[in-house]
Structures are given as C-alpha cells and as structure tokens.
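Here's a quick tour of the model you have open. Keep the viewer handy, and we'll go from the overall layout down to single residues.

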Amino acid sequence: MSVVRLSAARVSGSLARWGPTASLIIALAVLWEGLSWILANVARVPLAQSRLPYVHEVLKTFAVYWPVLAKEASVTSVTVAEGFALGAFTGVSLALLMSLSRTAERILMPYATASQMVPILGLAPIIYGIVHDENVARILIAAYVTFFPVALNTLRGLTGTPPQTVELMKTYAASIWQTYWKVRLPAALPALAGGMKIAAPLSVTGAILVELMGAQHGIGVLLLRNLYYGPSHAYMFWATLITGALMGLAGYGLVQVIERIFVPWQPEFRRKGGARP
C-alpha cells in the first residue's frame with residue numbers, strides 16, 4: 001500500500017507541476033486550429049496570404065521532414081554552443097574584473113551597456129560582411145548576446161555577497177582569492193545561472209539571424225527558403241520555426257539541469273510537490 005501511495009503522490013505532483021503548462025499548450029493549439037479554420041473557410045483567405053496553416057498539418061510536416069530539420073538544427077546548435085561558451089566566459093571574466101575594481105566597473109560597464117543598444121538586426125550583417133565566414137559570424141553574434149546578461153547577473157551575485165560572510169573570511173586571514181573561491185563565487189552561482197538562462201534562447205536567435213544573411217546551412221537558411229517559396233512551403237516554414245523554438249527551450253533546459261547539479265541549495269529545488277513557499 002505504501003508503494004501505491006508513493007506512486008500516486010508522484011503522479012499527483014507531476015500533474016500539479018506540468019498540468020498548467022500542458023493545458024496552456026493544448027488551449028493555444030485549439031485556438032490556432034480554430035483561427036486557421038476561420039481564415040480558410042469563413043474569410044476565404046488563401047494559405048499564401050494567411051500563413052497560418054492547420055496545426056495538425058504542421059505537426060505532420062514536422063514528423064515527415066524531421067531528419068532534414070535535425071540536420072540543419074545540428075549545424076546551428078554547434079555554433080550556438082561555441083558562441084554561448086565564449087560569451088559566458090567573457091561575461092564572467094568581466095564580472096570578476098569589475099567586482100575587484102570599482103574603477104574597472106565605472107570604465108567598463110557604460111561600454112558594455114552601450115554595446116547592447118546596437119540592434120542585432122543591424123550588427124549581424126556587419127559581422128558577417130567583415131569575417132566572411134558563416135560559422136565565425138554565428139559564434140560571434142551568439143557570444144555578443146550572451147556576455148552582457150551573464151556579466152550583469154554575475155556582477156550582482158559577486159557584489160551581493162553578505163558582508164558578514166566576507167568579514168568572517170577576513171578574520172580568518174583569508175586572501176582575496178580564497179574569499180572569492182570559497183564565498184563570493186558560490187554566492188554568485190544562482191545569479192550566474194539566471195543570466196545564462198536568459199542568454200541561452202537569445203544566442204539561438206542571434207545565430208539564426210546571421211543565417212538569414214546568406215549562410216549555406218542552418219535553421220535560418222531553411223526558414224528563409226520556406227518563407228518565400230509559396231503556399232506549399234507554409235507548413236515547412238512553421239515546422240522550421242517550431243524547431244528553432246525547441247532549440248531555445250533545449251538551451252534553457254540544459255542550463256537549468258546544470259544549475260540543479262551545481263547549485264542544489266536553492267529553495268526552489270528543495271520544494272516538495274511544486275508548491276511555492
């Protein structure tokens with residue numbers, strides 16, 4: 001009986017956790033299907049103009065052309081991972097430097113902030129035109145959109161360490177590096193994870209945007225081709241769009257898994273049954 005109760009509790013917890021999300025997805029799918037039917041049968045809008053095909057047709061196309069989608073997604077994913085790693089490393093390095101020196105923070109932070117004022121839509125063709133290499137351009141743009149949220153959140157975590165903890169390390173005659181390694185860096189890990197979760201989907205978007213500039217392979221290339229090739233490609237366009245969205249969600253989920261491994265002490269990871277305190 002105890003095993004049955006435990007299984008029932010686990011099922012109940014899973015439903016409580018994922019039920020709202022599943023309900024929202026189903027509701028959106030039903031709404032999408034209904035709008036598609038209205039456009040096609042009531043408004044009599046051609047598929048080429050509405051660009052809103054039936055959900056079941058999109059899912060069917062997704063299933064049929066999954067090998068092609070997976071191949072192009074793998075090309076984009078490799079460069080996204082490299083760019084994300086480069087951007088995260090740069091962001092953490094800048095945060096460490098600015099936390100060590102107020103002068104460095106006053107000098108670097110305005111430039112880092114100003115760099116984010118440049119629209120990616122304008123920066124992507126410039127980078128692509130300079131390097132003339134789609135892989136390098138994807139990596140640089142992915143790193144560009146990654147470094148700032150990582151740097152900003154990590155800096156907040158490093159400078160937000162409880163003062164009493166830092167003072168305690170001083171009483172033990174700990175060096176500045178020992179204080180960082182044992183106190184400041186562990187305290188900054190949740191903030192670092194938060195910045196990486198923000199940056200992960202953005203890095204996918206940045207890489208796809210570069211591919212729209214004239215790359216040979218990638219999800220963005222497939223997206224652009226099916227956008228202009230007539231109504232018969234509307235299903236493939238949406239399937240490609242969904243693939244790009246899934247890549248962003250996968251990046252977010254991967255960062256969250258890593259966060260659970262390295263920052264298990266956070267309150268949300270200790271909650272039972274998905275209930276908020």
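## Ground rules and layout

Helices (H or I, at least four residues) and strands (E, at least two) are DSSP runs, numbered from the N terminus. On that basis, the elements of the protein chain run α-α-α-α-α-α-α-α-α-α-α from the N terminus on. That's 11 helices and 0 strands.

A bit of housekeeping: this is a predicted model, where local features need pLDDT of at least 70 and side-chain atom pairs count only at pLDDT 80 or more, while totals for chains, interfaces and linings use all residues. Residues are numbered from 1 along each chain as its sequence is written, and side-chain values use heavy atoms, with hydrogens and water left out.

## Burial and surface

Accessible areas come from the Shrake-Rupley method with a 1.4 Å probe, and for residues only the protein chains shown count as cover. The protein chain exposes about 16,300 Å², with carbon and sulfur atoms supplying 70% of it. Call a residue buried under 20% relative accessible area, exposed over 50%, and partly exposed in between (1.4 Å probe, protein chains only). Of the 277 residues in the protein chain, 35% are buried.

Now for contacts, meaning heavy atoms within 4.5 Å. Take those in the protein chain between residues at least 6 apart in sequence: 72% of them join residues at least 24 apart.

## The nonpolar core

In soluble globular proteins, nonpolar side chains tend to be buried together. Here, a nonpolar core is a set of buried Ala, Val, Leu, Ile, Met, Phe, Trp, Tyr and Cys residues joined through side-chain atoms within 4.5 Å. The largest one has 20 residues, and Ile141 and Val210 touch the most other members. H4, helix H5 (102-115), helix H6 (120-131), helix H7 (134-159) and H9 each supply at least two residues of this core, with the largest share, 8 residues, coming from H7.

What does Val210 touch, leaving aside its neighbours within four places in sequence? Its contacts are Ala124, Tyr128, Glu134, Ala137, Arg138 and Ile141.

## Salt bridges

A salt bridge here puts a side-chain nitrogen of Lys or Arg within 4 Å of a carboxyl oxygen of Asp or Glu. The count comes to 5 salt bridges. Arg138 pairs with Glu211, the closest N and O atoms being 2.8 Å apart. This pair links distant parts of the chain, with Arg138 in helix H7 and Glu211 in helix H9, 73 residues apart. Arg138 and Glu211 are both buried.

Two other pairs are local. Arg102 bridges to Glu105 at 3.1 Å between the closest N and O atoms; both lie in helix H5, 3 residues apart, about one turn of the helix. Arg102 counts as exposed because its relative accessible area is 56%. Glu167 and Lys170 form a salt bridge with the closest N and O atoms 3.7 Å apart, and both sit in helix H8 (residues 163-171), 3 residues apart, about one turn of the helix. Glu167 is partly exposed at 44% relative accessible area, while Lys170 is exposed at 53%.

## A charge without a partner

Glu72 lies in helix H4 (residues 66-100). Glu72 is buried yet has no salt bridge: the nearest side chain of opposite charge, Lys71, is 5.4 Å away. (Lys and Arg count as positive and Asp and Glu as negative; His and the chain ends are not counted.) Not counting residues up to four places away in sequence, Glu72 touches His217, Gly218, Ile219 and Leu222.

Leu100 and Leu158 are 58 residues apart in sequence and 9.4 Å apart in space, C-alpha to C-alpha.
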